[in-house]
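Please look over the sequence and the model shown below before reading on.

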Amino acid sequence: MSTEQTLGGVQLPVIERELPPKRPAPAVTLTAALLGFALICLDASVVNVALPSIGASLDGGMSGLQWVVDAYTLPFAALMLSTGAFSDRAGASRAYALGTAVFTLASVACGLAPGLPALIGARVVQGVAAAVVLPASLALVRQAYADPGRRARAVAVWAAGGSVAVALGPVAGGLLTTAWDWRAIFFVNVPVGAAILLLAARAPRSERRPAPLDLAGQATAVVSLTALTFAVIERGPAGWAALVVAVAAAAAFLRIESRGAHPVVPLTLFRDRTVAVTVAAGAAVSVAFYSMVFVFSLFFQQVQGRSPLFAGLLFLPMTGLIAVTNVVAGKLAGRYGARLPMTVGQALAAVALLVLLYVDAGTPPALVAVLLIPLALGCALTVPPLTAAMMDAVPAERAGVAAGLLNAARQVSGGLGIAVFGGLVADDFESGMRLSLLVGAALLAATAALSSRLAGPPASWGGTRRGRR
């Protein structure tokens with residue numbers, strides 16, 4: 001573009017360069033990604049304290065309340081195996097906006113649900129959308145920060161947002177349910193979702209990248225996990241039929257994954273002992289943590305007669321220490337390797353569950369809240385080191401697949417734990433609760449023993465074993 005200016009009475013052309021459009025600050029993209037990640041983490045924990053109110057409002061029994069939780073957890077976990085590839089194919093920014101929009105609309109449907117089936121259906125849609133949001137949000141953070149150091153700090157902030165959301169979930173659920181109604185825990189997602197979409201619209205567009213999709217493997221995984229959960233929750237003749245379907249779908253899944261060119265779960269990963277142990281340990285920790293939050297949310301309200309807000313506040317000492325312990329666990333793993341903090345963490349969590357065997361209807365709620373703290377500390381001490389050990393155990397080009405596998409295993413295990421333990425407490429709550437505590441402690445003791453036998457170099461955050469770089 002040219003204009004003219006006068007110099008000594010002579011008209012001279014002046015060339016003006018058009019400046020490239022200003023890119024938005026990376027902090028805008030980070031804020032959008034962090035809010036989305038926090039939102040889907042919050043929705044995984046906020047509903048637990050509201051379950052008794054939902055059951056009373058919609059005439060739902062124990063199995064219905066289990067489905068309210070698992071209808072979100074199962075699609076979230078199962079689809080995480082392939083939504084990373086979908087995010088690459090669609091472009092992270094587009095996938096993130098789509099997932100957030102669908103999640104927000106599904107939240108409205110949850111809040112307006114006239115009955116339990118409608119609520120469960122809307123929760124399924126929420127879970128599907130959350131599975132898209134999670135990998136896309138992390139991809140946005142990665143593309144916003146080119147410098148590795150700044151990117152590492154941004155990812156740490158992103159992860160901290162999820163930890164804070166999990167910690168505040170029970171309190172937020174109790175506060176919203178007490179101050180308004182259980183429907184508020186879903187309606188509050190609407191303004192947050194709108195804010196995320198506004199921020200995401202300012203983020204740079206992501207490039208589309210070719211990424212193979214294993215649709216057959218993904219479909220059989222979803223069918224198997226859903227049928228297995230149905231069998232555990234519903235039981236009876238329908239449950240046995242579902243179990244047959246689950247076994248058949250699992251067999252088909254294994255066959256597809258062993259022969260496919262681009263399997264959603266490369267079975268060869270499990271040949272590495274560290275991979276097998278870390279997946280098992282992650283599953284055991286999720287069963288212990290998420291299932292106990294579910295059980296004790298019901299215990300505080302249905303057995304001890306406390307309000308949703310009071311019950312939510314009782315979880316705050318437990319959940320509030322998770323983020324701090326995660327940081328400590330990371331430092332311990334960097335100094336001593338993954339084996340020590342993993343083993344100690346799982347052993348501590350197992351002992352904590354055994355101590356909780358002495359809790360009954362007459363135990364002061366404040367004491368129960370204190371006794372739940374070692375469980376949270378043990379679980380928080382375990383997860384970062386086992387994640388680092390998993391990343392050390394796989395080649396760099398399979399890090400994304402391994403991370404998706406670990407997260408999916410943890411989410412699925414948490415959902416199945418809720419299904420099993422919910423069934424145990426359905427008839428005689430206190431006896432079922434004690435049996436649930438024993439099962440959780442046994443799982444943790446077994447995986448702690450396996451973790452203690454791990455060998456290899458210290459876990460390095462984001463690194464790989466020597467020779468695999």
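The model is a predicted one, in which local features need pLDDT of at least 70 and side-chain atom pairs count only at pLDDT 80 or more, while totals for chains, interfaces and linings use all residues. Residues are numbered from 1 along each chain as its sequence is written, and side-chain values use heavy atoms, with hydrogens and water left out.

The protein chain has 17 helices and two strands, these being DSSP runs numbered from the N terminus, with helices (H or I) of at least four residues and strands (E) of at least two. Buried residues make up 51% of the 469 residues in the chain. Of the contacts with a separation of 6 or more, 82% are between residues 24 or more positions apart, where contact means heavy atoms within 4.5 Å.

The structure holds 11 aromatic pairs; rings of Phe, Tyr and Trp (its six-membered ring) pair if their centres lie within 6.5 Å, and planes under 30 degrees apart count as stacked, over 60 as edge-to-face and the rest as tilted. One of these pairs joins Tyr-72 and Phe-103, whose ring centres are 6.5 Å apart and whose planes stand at 75 degrees, so the pair is edge-to-face. Because Tyr-72 lies in helix H2 and Phe-103 in helix H3 (residues 92–111), this pair ties together parts that are 31 residues apart in sequence. Both Tyr-72 and Phe-103 are buried. The rings of Phe-296 and Phe-300 have their centres 6.3 Å apart and their planes at 50 degrees, so that pair is tilted. Phe-296 and Phe-300 are four residues apart in helix H10, and are therefore separated by about one helical turn. Together with Phe-299, Phe-315 and Phe-429, Phe-296 and Phe-300 form one aromatic cluster.

The largest nonpolar core has 99 residues, of which Ile-54, Leu-119, Phe-296 and Leu-375 touch the most other members; a nonpolar core is a set of buried Ala, Val, Leu, Ile, Met, Phe, Trp, Tyr and Cys residues joined through side-chain atoms within 4.5 Å. H1 gives the most to this core, with 16 residues. Leaving aside neighbours within four places in sequence, Ile-54 is in contact with Val-47, Asp-59, Leu-65, Val-68, Leu-116, Leu-119 and Trp-182. Another core lies apart from the largest one and has 24 residues, among them Val-265, Leu-386, Val-394 and Ala-408.

Which residues does Leu-371 touch, not counting those up to four places away in sequence? They are Val-355, Leu-356 and Val-359. Leu-371 has its place in helix H15 (residues 365–393), and its C-alpha atom is separated by 7.1 Å from that of Ala-352, 19 residues apart along the chain.

Rolling a probe the size of a water molecule over the atoms shows where empty space is left. On a 1 Å grid over the protein atoms alone, a cavity is a set of points where a 1.4 Å probe fits but cannot get out, a pocket is an open set with protein on both sides within 12 Å along at least five of seven lines, and lining residues have an atom within 4 Å of a point. Grid points are joined across faces, edges and corners, and a volume is the space filled by probe spheres set on the points. By this rule there are three cavities of 30 Å³ or more.

The largest cavity has a volume of about 110 Å³, and its lining includes Ala-44, Asn-48, Tyr-290 and Val-293. Helix H16 supplies the largest share of that lining, three residues. The second largest cavity, of about 60 Å³, is also lined by Ala-44, Asn-48, Tyr-290 and Val-293, and its lining includes Phe-315.

The second largest pocket holds about 490 Å³ of space. Of its 23 lining residues, Leu-81, Ala-221, Leu-225, Phe-253 and Val-412 are the closest to its centre. Two or more lining residues come from each of H2, helix H8 (215–234), helix H9 (236–259), H10 and H16.

Note on methods
Buried means under 20% relative accessible area, exposed over 50%, partly exposed in between (1.4 Å probe, protein chains only).
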